[in-house]
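Could you walk me through this protein, one feature at a time?

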Amino acid sequence: MMRALGVAAAVLATPSFAQLATPTVPEDVERQNPDIDIYALMTGKCPKLKIAGRDFACKTIGFFHGEHGRVNFTVVLDDPTDPNHIISFSGKDGQRSDDNVYRLPVDRMLLNSKDRPKADGMPVPRVELSSGGCKQVGSFATRQISSISCTAVDKHGRFYELQFVSDGSPMSVTRIRQTTVAQDPAARDLFK
């Protein structure tokens, strides 16, 4: 599971159909480097997980926040034919409408599988420009999330839908401090 989440790191409101217009995003988004500074792992089940018309179960759900504001709700699929089958609903400018609800507009889907090209041994996700949204009910402050729901449609008309329900366990939240080797004495020691 940690390997699958590592792949995802390298890489929830239901919108109305009228909100599903495809945004304009540069085509070179696949070449961007990850800048994850916070990630959270949640346990529970996915009563609904539909990827381009196919039903799946989920193994785990992760929330990844980048230094520049990009957020990914990442799902590791329970796919016995593909241990690298991972999707992410990705967007920027998410907003908290109250202490318990967070909404993220989705502008792309990140799709990973065993057939994707690799960089540094890890599959590189395919980026599909998309439109949709996610809604998270719960709070990072209390480490309790009750549900996440996402819907999106990509520029080819493929629909993606997630409904996640927590099992009530507190989520695991990790902050990552980004440093360079020159800034971090412990990291410099790794290269001696």
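In this predicted model, R70 and D107 form a salt bridge, and their closest N and O atoms are 3.0 Å apart. Look for R70 in the loop between β4 (57-66) and β5 (71-78), and for D107 in strand β8; because the two sit there, their pairing ties together parts that are 37 residues apart in sequence. Side chains of opposite charge can pair when their charged atoms come close.

Are these two partners buried or exposed? R70 has a relative accessible area of 17%, so R70 is buried. D107 is buried as well, with a value of 16%. Both figures fall under the 20% that marks a buried residue.

The side chain of R108 makes a polar contact with the side chain of D107, at 3.4 Å. R108 belongs to strand β8, which covers residues 101-112. With a relative accessible area of 6%, R108 is buried.

How many salt bridges does the structure hold? There are 7. Some of them join up: R126, E128, D154 and R158 are linked in a network of salt bridges. Let us take its pairs in turn. The side chains of R126 and E128 meet with an N to O distance of 2.8 Å. R126 is partly exposed, with a relative accessible area of 31%, whereas E128 is buried at 6%. Now turn to R158 and D154, whose side chains also form a salt bridge, at 2.8 Å from N to O. R158 is partly exposed, with a relative accessible area of 29%, while D154 is buried at 3%.

Rolling a probe the size of a water molecule over the atoms shows where empty space is left. The second largest pocket has a volume of about 250 Å³. It is lined by 16 residues, and those closest to its centre are I51, H85, L111, S113 and R126. Which elements give two or more residues to this lining? They are β6 and β8. Sorted by class, the lining of this second largest pocket has 7 nonpolar, 3 polar and 6 charged residues.

Q144 is found in strand β12, which spans residues 144-154. With a relative accessibility of 33%, Q144 counts as partly exposed. Q144 and S169 are 25 residues apart in sequence, yet 7.3 Å apart in space when you go from C-alpha to C-alpha. Leaving aside residues up to four places away in sequence, Q144 touches G138, S139, G168, S169, P170 and M171.

R175 gives another example of this kind. You will find R175 in strand β14, made of residues 172-175. R175 is exposed, with a relative accessible area of 68%. The C-alpha atoms of R175 and I36 are separated by 8.8 Å, although the two residues are 139 residues apart along the chain. Again not counting residues up to four places away in sequence, R175 touches D37 and I38.

To finish, let us look at the backbone in two loops. Most residues other than glycine have a negative phi. D93, however, has a positive phi of about 65 degrees although it is not a glycine. D93 sits in the loop between β6 (86-91) and β7 (95-98). D93 is exposed, with a relative accessible area of 63%.

Where is the loop that holds D120? That loop lies between β9 (118-119) and β10 (122-123). D120 is also a residue other than glycine with a positive phi, near 55 degrees. Its relative accessible area of 81% makes D120 exposed. Both D93 and D120 have values over the 50% that marks an exposed residue.

Key:
Residues are numbered from 1 along each chain as its sequence is written. This is a predicted model: local features need pLDDT of at least 70, side-chain atom pairs count only at pLDDT 80 or more; totals for chains, interfaces and linings use all residues. Side-chain values use heavy atoms; hydrogens and water are left out. Helices (H or I, at least four residues) and strands (E, at least two) are DSSP runs, numbered from the N terminus. Buried means under 20% relative accessible area, exposed over 50%, partly exposed in between (1.4 Å probe, protein chains only). A polar contact is a pair of N or O atoms within 3.5 Å; within protein, one must be able to donate a hydrogen and the other to accept it, and residues adjacent in sequence count only if both atoms are side-chain atoms. On a 1 Å grid over the protein atoms alone, a cavity is a set of points where a 1.4 Å probe fits but cannot get out, and a pocket is an open set with protein on both sides within 12 Å along at least five of seven lines; lining residues have an atom within 4 Å of a point. Grid points are joined across faces, edges and corners, and a volume is the space filled by probe spheres set on the points. Ala, Val, Leu, Ile, Met, Phe, Trp, Tyr, Cys and Pro count as nonpolar, Asp, Glu, Lys and Arg as charged, and the others, Gly among them, as polar. A salt bridge is a side-chain nitrogen of Lys or Arg within 4 Å of a carboxyl oxygen of Asp or Glu. Contact means heavy atoms within 4.5 Å.
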